[in-house]
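Please consult the sequence and structure shown below while reading.

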Amino acid sequence: VQFVESGGGLVQPGGSLRLSCVASGFSYAVGWFRQAPGEERLGVSCLNRASGLSYYADSVKGRFTISIDNDRNTWHLQMDRLKPEDTAVYYCAAVPCDPQGMGVARDWGQGTQVTVSS
């Protein structure tokens, strides 16, 4: 499966962005990850389309919402109340997912830049 992310950009603190991840094929679960300059890539959220269960990292819980548009095979990450520390390149990938966390990811997309700054 190939994934293509979009929707990143520059936004002021407190603003919102909606990321999209279009999948070329079927994946039971997809996760969103982010990587800031000089830091490791970290899991942000994932969703299992079969169970409907999702996971959120503590740093984004209550601010980000993951969803899927089954008709378009597109996964979204709605990001609200953005903070400067959310600045990173955001990636989507196929990944085992349950409410406790994510497994090993595969089939990475190319990423989309999110910058939160005034």
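Two strands are said to pair if DSSP finds at least two bridges between them. The model discussed here is predicted. The protein has 12 strands and 0 helices.

**Overall fold and dimensions**

- Along the sequence, the pattern of elements reads β-β-β-β-β-β-β-β-β-β-β-β.
- The radius of gyration is 13 Å, close to the 13 Å given by the globule rule for 118 residues, so the protein is as compact as a globular protein of that length.
- Taken along the principal axes, the box filled by the C-alpha atoms is roughly 40 × 25 × 25 Å.
- Of the contacts between residues at least 6 apart in sequence, 57% join residues at least 24 apart.

**Surface and burial**

- The accessible surface amounts to about 6000 Å², and carbon and sulfur atoms account for 48% of this surface.
- Of the 118 residues, 45% are buried.

- An open sheet is formed by 4 strands in the order 1-3-8-7, with antiparallel pairing.
- Its edges are strand 1 (3-6) and strand 7 (64-69), each of which pairs on one side only.
- On average, and with direction ignored, neighbouring strands of this sheet are turned by 15° against each other.
- Within the sheet order 1-3-8-7, strand 3 (residues 17-23) and strand 8 (residues 74-79) are joined by 6 bridges in the antiparallel sense.

**The nonpolar core**

- The largest nonpolar core contains 34 residues, and those with the most contacts inside it are Trp32, Phe64, Leu77, Met79 and Tyr90.
- Two or more residues each are given to this core by strand 3, strand 4 (29-35), strand 5 (42-48), strand 6 (54-56), strand 7, strand 8, strand 9 (88-94) and strand 12 (112-116).
- Strand 9 provides the largest share of this core, namely 5 residues.

**Surroundings of Phe64**

- Which residues does Phe64 touch, not counting residues up to four places away in sequence?
- Phe64 touches Leu77, Met79 and Tyr90, and also Arg34, Val44, Tyr56, Gln78, Asp80, Leu82 and Asp86.

Terms used. Residues numbered from 1 in each chain as written. Predicted model: local features only at pLDDT ≥ 70, side-chain atom pairs only at ≥ 80, totals over all residues. Heavy atoms only, no water. Axes fitted to C-alpha atoms, helices over the stretch in contact; angles between N-to-C directions. Core = buried A, V, L, I, M, F, W, Y, C linked by side-chain atoms within 4.5 Å. Buried < 20%, exposed > 50% of the residue type's maximum accessible area, 1.4 Å probe, protein only. Contact = heavy atoms within 4.5 Å. Rg over C-alpha atoms; globule rule 2.2 N^0.38 Å. Areas by Shrake-Rupley, 256 points an atom, 1.4 Å probe, with all protein chains shown as cover.
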